[in-house]
Amino acid sequence: VTILVNVASYCGYTKSHYEGLVELWSHVEGENVQILAFPCNQFGKQEPGSAADIKAFAKSEGVKFRMMEKINVNGPDANIVYKYLKKKAGPGSIQWNFATYFVVGPDGDVQSHSGVEPMELKDLALNLLKEEL
């Protein structure tokens, strides 16, 4: 199971969502679950830093899950991963940082969850693993 989300260091949702992602990771680490966080500067320029700046910030927040490179999630320059996720599960446009979480199950099925906190995805992720057994 893979959980993907676009993140930012200077968003009003940063504190609660990074805390939630770190907590979620503490529950799923060692299971067959990955969290991929994609820094994005498209919303209010809330992720202006370099890769090193972002890595240092994430480390200061306790992040141990995978931080990806900074990307665009909307528009013609959107990363191919986000183009695929939006095409498969919607929404057609990401509204903000931390606004939409994508969950990819073991069978490749993609679900999108908007307006949720990270811990709300814990049971879903673990249940998808059980279904695979």
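## A tour of rings and a helix

Start by selecting Y10, Y18, F57 and F98: ring pairs link these residues into a cluster. Here, rings of Phe, Tyr and Trp (its six-membered ring) pair if their centres lie within 6.5 Å; planes under 30 degrees apart count as stacked, over 60 as edge-to-face and the rest as tilted.

Before you go on, note that this is a predicted model, in which local features need pLDDT of at least 70 and side-chain atom pairs count only at pLDDT 80 or more, while totals for chains, interfaces and linings use all residues. Residues are numbered from 1 along each chain as its sequence is written, and side-chain values use heavy atoms, with hydrogens and water left out.

The whole structure holds six aromatic pairs. Keep Y18 and F98 on screen: their ring centres are 5.9 Å apart and their planes stand at 75 degrees, so this pair is edge-to-face. The two partners come from distant parts of the chain, 80 residues apart, with Y18 in helix α1 (residues 14-28) and F98 in the loop between α3 and β4. Helices (H or I, at least four residues) and strands (E, at least two) are DSSP runs, numbered from the N terminus.

Buried means under 20% relative accessible area, exposed over 50%, and partly exposed in between (1.4 Å probe, protein chains only).

Next, select F43 and W96. Their ring centres lie 5.6 Å apart with planes at 45 degrees, so the pair is tilted. F43 sits in the loop between β2 and α2 (51-60), and W96, 53 residues away, in the loop between α3 and β4. F43 is buried at 7%, whereas W96 is partly exposed at 33%.

**Stop two: helix α3**

Now select residues 80-89, which form helix α3, and colour its buried residues: Y82, L85 and K86. Looking down the axis, you will find them within an arc of 95 degrees, so they line one face of the helix; the arc is that of the directions from the helix axis to the C-beta atoms. Turn to the other side to see I80, K87 and K88, which are exposed.

What covers the buried residues of α3? Show β1 (2-7), β2 (34-39), β4 (100-104) and β5 (110-114), which are among the elements that cover them.

Note on methods: Contact = heavy atoms within 4.5 Å.
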